[in-house]
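Hi,

Here is the structure I promised to pass on. Have a look at it first, and then read my notes below.

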Amino acid sequence: MNNKIQPLDRPLGIVIALAITAHLPHMPIWAIPLVLLGLIWRLQHEWRGWPLPTQPLLILLAMVISLLVLFTYHSLWGRDPGVTLLTLGALLKLLETRQLRDQFALLLLGFFLIVSLLLFDQGIFTALISLGLFAGLVTAWIGLSNPNIRLIKPRIKAAAGLMLAGLPIALLLFLLFPRPPGALWGTKQPVSAQARTGLSDQLTAGEFERLSTDPTPAFRVHFNGAMIPPAKRYWRVLVMSDETSNTWHADIPNIFRSVRAPNVRVDPTSAVEYTVTLEPSDRRFLPTLAMATVLPPRSVLSDTGSLFSLRPLNDRYRYTVTSALSYHLDERRLSADTRERNLALPAGDPELKALAAQWKGLAPLEIRDRALNYFRSQGFSYTLTPGKLPKQNRMDAFLFDTKRGYCEHYASAFTLLMRAAGVPARIVTGYQGGEVNGDYLLVRQADAHAWSEIWVKGEGWIRVDPTQTVAPERITDGIAQAAQQDAALPAALRRDDSLARQWSLLGDRVENGWNQYVLGYSGSTQTDLLQWFGLEKLGQWGRLGFAFIVVAIAWLMIFGLWRHLGRPEKQMPPVDRAWFAVSNELSRLGITRQPGETLQDYCRRAEQSLPDYAAAIRQTQQLISQWRYASCFSQRSQALAEKTAQNLSLQLKWFRWRENLFPGRKRN
Amino acid sequence: MATTAKIRIRPNKIGFGFIALSIAMLLAAINYGNNLVFFISFLLLALMGNSAWQTRRHLKSCQIQPLSPPPRFDGEAGAWPVQIESSLNNPSIHIQAINQNGEAEPLTLNLTAGRTERVELPLPPMPRGRYATPDVVLSTRYPIGLWTAETRWASLPHWQWVYPKPVGEAPLPTNVLPAHAENADVSLQSGDDQFDHLRTYVPGDALSRIAFKHYARSGQLVTQHWHSSEAIHDEIILDYSQLSGNTEMRLQQLTRWILSLAADHRAFTLKLPGESDRHGADSTHVTHCLEALTLFSPAHNPRHAS
């Protein structure tokens, strides 16, 4: 500390303070006052000359922070504790910075802060913030390296030059640098901040209410052919066969063991191919249409037709599936075990059982129609706010008392009715519908839906959606139409044409593009790109080599362009620039101006060597001389002089080429 | 002048730090499969590569124009004026003369495009002699200090003259050339107004010698030249062999005399063993004499060496 304190570079201080502040949202609550206090201290040091904290105090602070992190996260290792330590470490470094060397350390920390910011969130907004911070750091960097530059403008100019020349290179590297699959070392992939639960593996009447007002995207679908009509957009996720005390449980096989394949016969003409981009999730469910036939890699299809991923879906995941819209699952027979599970009835609900008992003995499809008819004729209504149902005999209360419900109520009641009447039935949960936005279909959490499946011998499992009977608009037009009067519905879900909605859709389109092309860029997309060059077979090292070759070429091109833009005549005053082209041509013809030779003498010499152009040379010389020395030379004359000089240089160039091509041929 | 010299470019210590940083970033990107971290690390890499080129370009745009260094005396430090011009703004360009004995601290310049800057490079004290000018090293770390671009201009076409130190207490000799003394007798008879011939005036001619009568007649300035005059009687002979002491002491005494005579614009003749005599009074004569003293080596005439 005996050395003189070097003043902190202002831009560096500001950028580091901003980078630390940007980390606040995902830092533990106790870090916020600490960060504010630290920043204020440094600010007071800069403004009022407060002394910086002493070394022992800083060491004490570092120890306290480590302990707090340990208490909060029970670890010092991993993303969250690591980033908290890094951010607070940068804060301490900011409080300790006295020498130029410390400032360089701070600069390096700044780059790490940007990287750690991107580990938490990769949205467009965060990306823009990161890029801004990056530019700020480069500006600071130029100042640190050149203490001579006092002003900020030349620093920004130099930083912008470096960044602009760097961007194409960075983009090319981004596109061509090989992406090795998987992690290099065994870190647990952090769960993305946006990862959400979405559909649950349990269904209790009333649970979907949480999802029904959630406008966040669940997934986006791009169809490789034409988009299918709304009535067919049933996104199957889970099948639920078991019910205990009003809660349905999903049939989830152990996907890491051998999974029984579905016994299915599909109609190949009904196949559709589509690509789903699934938002991060802490589950492994992959929504599919009807019955998946061509599966994405590392996924398994259960015997109930649900698709599961073998890899965690912590990050946004894109997969391509082919589904058959027309299929027969378990067409001929149902195993005894499955049959028993799908006929099991809970205790209670006597009225429901009594109603169904009347239909016993009828054909299954007849029973289905009776049940749907019951919903249609008894004044049932579809609502997002069905009110509370009693714990006991819950379905009786719904069917014969409140008659107000949501898809899960209808699916549960219908399934139980069918079972009571002797038809194997189960619940399927997933999403229904979606909103067309540009060339893709946006499916939100609010589109979560539940429907039923009944088993009919010779047909297999048939989808029955009792909600459709009660509120057909729910299926054709989405939840907004069905629950238009509900005040609980957020603006993004309403299907009016308000400006806010248009903006939200446009925003989603931008976000989708970002997810698809930037965040979703991967080794397989790279292969598609390399196909253009016929290089899709290249291995990782080959790709690396190709990337370096392309980048080297691009670099040379950028330098060439830069040099072209920065040619000496660009910086000359206009009159010199006008003359430059002519003198350049003359010296290429071997007539160089001697040192100390006046323009007039030089031109006279040129006139003698090039008698054909004598008049033009004399005229140009006179105009240029006038421009340079006359007290008043109008804009029009300037334009004339420029034009004349330009013409002369073109003529000379033409003459030179002709002489080179047909030497010795004289003009008459 | 030397417009193209070879430019060497090498990374600095801090450059290695940043290379390590970008590799760490790249590893993090690969590990987390994070495309934005990929992009940021590529941007950093591209920036570092670009800065190498920028550094080189900023050095390449510089041109130096060394002037000839003014002669100095043994034991004095000198200054070498050098002009630098750049077609680009460069806030920190370093210029350094690489001397034989130790390197001087480089000078840092803030160059504005198109404006010529003049610096005086320090030259260290050296013993009597004629030396080649030191190599000039021009270097810059602009813009981000990751790279140093360096260019060295060697064998520049200038000499640095280090004259013998002007010391010595001996009084000026009073002897004149015998041949001139004979002529002096003849010319004295013909009187002061007798002059041999006229020649056109050259700046530096003594006022008293200008023929103002002729000027009144013809309007042209001419200078009179006598066969015999006080001027010749004034011509002091500085003879190396008449001095005592070792070579350096004799040369130093001669230098001292020459300087005092030159200050009075007096004519003198320098006699060095083994070399022809030098007569004259003008500054060129003084320079030639001083240079002769500087280059004098007793090895050529062992008889006169002490």
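At what angle do the axes of helix α2 and helix α4 of chain A cross? They cross at roughly 20°, and the axes of α2 (residues 31-48) and α4 (residues 79-96) come within 9 Å. Because angles under 35 degrees count as roughly parallel, α2(A) is roughly parallel to α4(A). (Axes are lines fitted to C-alpha atoms, for helices over the stretch in contact, and angles run from 0 to 180 degrees between N-to-C directions.)

Before going on, some housekeeping. This is a predicted model, where local features need pLDDT of at least 70 and side-chain atom pairs count only at pLDDT 80 or more, while totals for chains, interfaces and linings use all residues. Residues are numbered from 1 along each chain as its sequence is written, and chains are lettered from A and ligands numbered from 1 in the order in which they are written. Helices (H or I, at least four residues) and strands (E, at least two) are DSSP runs, numbered from the N terminus.

Back to the helix pair: α2(A) brings A31(A), L34(A), V35(A), G38(A), W41(A) and R42(A) to the contact, and α4(A) brings T84(A), L88(A), L91(A), L94(A) and L95(A). Here, two residues are in contact if their C-beta atoms, placed from the backbone, lie within 7 Å.

Chain A also has an open sheet of three strands, in the order β7-β11-β10, with antiparallel pairing. (Two strands pair if DSSP finds at least two bridges between them.) Its edge strands, β7 (285-286) and β10 (299-301), each pair on one side only. Three bridges join β10(A) to β11 (residues 307-309), and V300(A) has F308(A) as its bridge partner.

Now for chain B. Its open sheet has five strands, ordered β1-β10-β9-β5-β6, and the pairing is again antiparallel. At the edges are β1 (7-11) and β6 of chain B. On average, neighbouring strands in this sheet are turned by 25° against each other, direction ignored. Between β5(B) and β6(B) there are four bridges, and N90(B) stands opposite L111(B). Lying across β1, β5, β9 and β10 of chain B is α2(B), which runs at about 25° to β10(B).

Finally, how do the chains meet? 38 residues of chain B are in contact with 40 residues of chain A. On the chain B side, α2(B) gives the largest share, 16 residues.

Cheers

How values were computed: Angles under 35 degrees count as roughly parallel, over 145 as roughly antiparallel, 65 to 115 as roughly perpendicular and the rest as oblique.
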